[in-house]
Every structure is written in C-alpha cells, then in structure tokens.
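Please look over the structure shown here.

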Amino acid sequence: TPARGEAAPGYCGVVGWAVLAPVLVSLVLVVVAGFRLDAPFGPDFDGFNTAVWAEGSRSARTDGWFDSRLGAATPQLEAAGQPPYAHHPPLLRVEIAAAQTWFGEGRWVARLPALLSSLAAVWLCWGWLGALGMRSSARALGVLAVGGTSMFQLYGLMLNMEAVWLPFAFGLLWLWQTGERRSVEGSAEPGVGIACGVVGLAGALAAHQGIILTALLAAVGVVRALRNRRRLAPHEVGVLCATVLGAASFIGWILWAAGSLSDLVRIALVRADGAGSWASWAESQVAH
C-alpha cells in the first residue's frame, strides 16, 4: 500500500522525486543516442537488424505496399531466390516507412522509431508502476532497473521488435491495471476494454511477444471468470479480442506475404538451436 501522502493506486501524476528517475533515464538515452544514432550500418547485431528493416521500408515505398507485401519482398531477396521476409509482425516497417517519408533515408532516421519507442516505454513504465500504487522509491527503482541497464541503452536504439514493442507492453499493463481497479470498485467502463483491445492488438502487430502478453492476460481473465462464475470484465474482453485478432492477423499476414507458413517454421527451428527438430528445441528450452 502507498505510504501516507503518496499516490493511491491508479494515480499517475508526479509523485515527489520519483519523476526524476524517468527524466534521468530519458536524458541518458538521448545522450547515448547522440553518439550512435547516425552510426554506419555494419555486420554487428545493431547495424544488421536496422539495415534489414530499413531496406524493407524502402521496398514498400518504392514498389508499393501491396506489391512489396508491406515491405517483406525486397529486390535483394528476389535476386537471391529467397522467400519474402515475413517472420515478424509488420508494424515495424510501417513505423520506419513513416519516419523515412517525413525525414528522408538517413541512418538516424532508420533508428528514430526505436529511440522514440524506448523513450515512450520509460514513461509508460513509470505510469504503470504508479497505477500499481508503488511508493516513490520503489517506482523510481523500477524505472531505473528497466531503463538504466546496458541492454536497454544498447538495444533501445536498435530498430527491431524489442524496442518498438515495449511501449505497447507497458501501455497495456497500465490499462489492465486500470481495468482491474475499476472492476473492484464496481465502476468498470467499456472504454477501458476498448483501449485494452486497441493497444493489445497494436502490440501484437509489433512483435510476437505482444501476442504472448495478451494471451497470458486473457487466460488470467478467463480462468478467474470461470472460477468465480461471472462474466468477463471489459478489460478482460479487450485482451481476449486482441489475442484472437492479433494471432489471426499475424498468420494471415504470413500467408499473404510468403504464401505459406513453411519458411516461418524452418527459421523457428533454426533459430532455436540450429538442430532443426522440435525435440531439440524443447530440450533447449528446459536448459534455458
């Protein structure tokens, strides 16, 4: 429970010095970005991933969104006889295409969606922790733990699913917590459920993790509703709809872009451990 004089659960305003944590993390991220935002692309993890997504965006803007399958089919892949790159949900290409349309094709533009997403994630995490009713010290520590790590400072500027999905994740958790509180208070509103559905679906279109998060939240809601013999609350309905629509959209997008799921299954097995079998994949998960 909050300490005396601090925020009650759900309050999202400035709570004492806790606001200094997201400000500090944001400033550090911007300073780090100043040295790396326009760095040349290379074979390193950051440069390679950013270049791949930037190339897909160029294909979408040059050949058209439909003909390029939302940027999944690029001239380089076609020349190499490779299928369209449709292993991941497509929202990332839309974001970078918008940035390149407005600002050009500079390297800093290619990394801009990741930087903005990371900054948004810091503040949405801060808001979510406030909605949980955490003390100022715990809230600040949580934000520093998320944004102050070397992983966040490095990959928070890499154009890939991780950074782009994070604001949707924290935003959904914030909305879910709001729905939980209102359900307890008996003031549940359809608007919260709609917001959960929209943000959850956007997250599912941004990364595979988005589908997993909405599915987990939906499972929690369904199990509790069955156990308590009640109807689903609006926020539980929202994440359930986001799960169904997000999974269907992802599968539909792959079928449209690549023609089948075979290449997705192939790369999933290869990336698991390189052995190429589901048995070895399961074994590697146990080890992890």
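What follows is a short report on this predicted model.

## Helix H5 against helix H8

Helix H5 covers residues 107-131. Helix H8 covers residues 161-185. The axes of H5 and H8 come within 7 Å and cross at roughly 20 degrees. Angles under 35 degrees count as roughly parallel, so H5 and H8 are roughly parallel to each other. The crossing of H5 past H8 is left-handed.

Which residues of H5 meet H8? They are Ala114, Ser117, Ser118, Ala120, Ala121, Leu124, Cys125, Gly127, Trp128 and Ala131. On the H8 side, the partners are Ala163, Val164, Leu166, Pro167, Phe170, Gly171, Leu173, Trp174 and Gln177. By class, this contact of H5 with H8 holds 14 nonpolar and five polar residues, with no charged ones.

## Helix H2 against helix H4

Helix H2 spans residues 45-63, and helix H4 spans residues 91-103. Their axes come within 9 Å and cross at roughly 70 degrees. The range for roughly perpendicular is 65 to 115 degrees, so H2 is roughly perpendicular to H4.

From H2, the residues in this contact are Trp53, Ala54, Gly56, Ser57, Arg58 and Arg61. They meet Leu92, Arg93, Ile96, Ala97, Gln100 and Thr101 of H4. The contact of H2 with H4 divides into five nonpolar, four polar and three charged residues.

## Two residues of helix H8

Glu180 is found in H8. Is Glu180 buried or exposed? Its relative accessibility is 18%. Buried means under 20%, so Glu180 counts as buried. Setting aside neighbours within four places in sequence, Glu180 is in contact with Arg224, His235 and Glu236.

Leu175 also lies in helix H8. Its relative accessible area is 23%, so Leu175 is partly exposed. Not counting residues up to four places away in sequence, Leu175 touches Val192, Ala195, Cys196 and Val199. Take Val199: Leu175 and Val199 are 24 residues apart along the chain. Their C-alpha atoms are separated by 8.8 Å.

## Cysteines

A disulfide is a covalent bond between the sulfur atoms of two cysteines. How many disulfides does a search of the whole structure find? The search finds zero.

Cys196 is in no disulfide. The nearest cysteine sulfur to that of Cys196 belongs to Cys241, 11 Å away. The cut-off for a disulfide is 2.5 Å between sulfur atoms. Cys196 is buried, with a relative accessible area of 0%. Cys196 is also among the residues that Leu175 touches.

Cys241 is in no disulfide either. For Cys241, the nearest cysteine sulfur is that of Cys196, 11 Å away. Cys241 has a relative accessible area of 39%, so Cys241 is partly exposed.

## Phe66 in a loop

Where does Phe66 lie? Phe66 sits in the loop between H2 and helix H3 (75-79). At 57% relative accessibility, Phe66 counts as exposed, because the cut-off for exposed is over 50%.

Phe66 and Gly133 are 67 residues apart along the chain. Their C-alpha atoms are separated by 46 Å.

Terms used
Residues are numbered from 1 along each chain as its sequence is written. This is a predicted model: local features need pLDDT of at least 70, side-chain atom pairs count only at pLDDT 80 or more; totals for chains, interfaces and linings use all residues. Side-chain values use heavy atoms; hydrogens and water are left out. Helices (H or I, at least four residues) and strands (E, at least two) are DSSP runs, numbered from the N terminus. Buried means under 20% relative accessible area, exposed over 50%, partly exposed in between (1.4 Å probe, protein chains only). Contact means heavy atoms within 4.5 Å. Axes are lines fitted to C-alpha atoms, for helices over the stretch in contact, and angles run from 0 to 180 degrees between N-to-C directions. Angles under 35 degrees count as roughly parallel, over 145 as roughly antiparallel, 65 to 115 as roughly perpendicular and the rest as oblique. Ala, Val, Leu, Ile, Met, Phe, Trp, Tyr, Cys and Pro count as nonpolar, Asp, Glu, Lys and Arg as charged, and the others, Gly among them, as polar. A crossing is left-handed if the near helix is turned anticlockwise from the far one by less than a right angle, and right-handed if clockwise.
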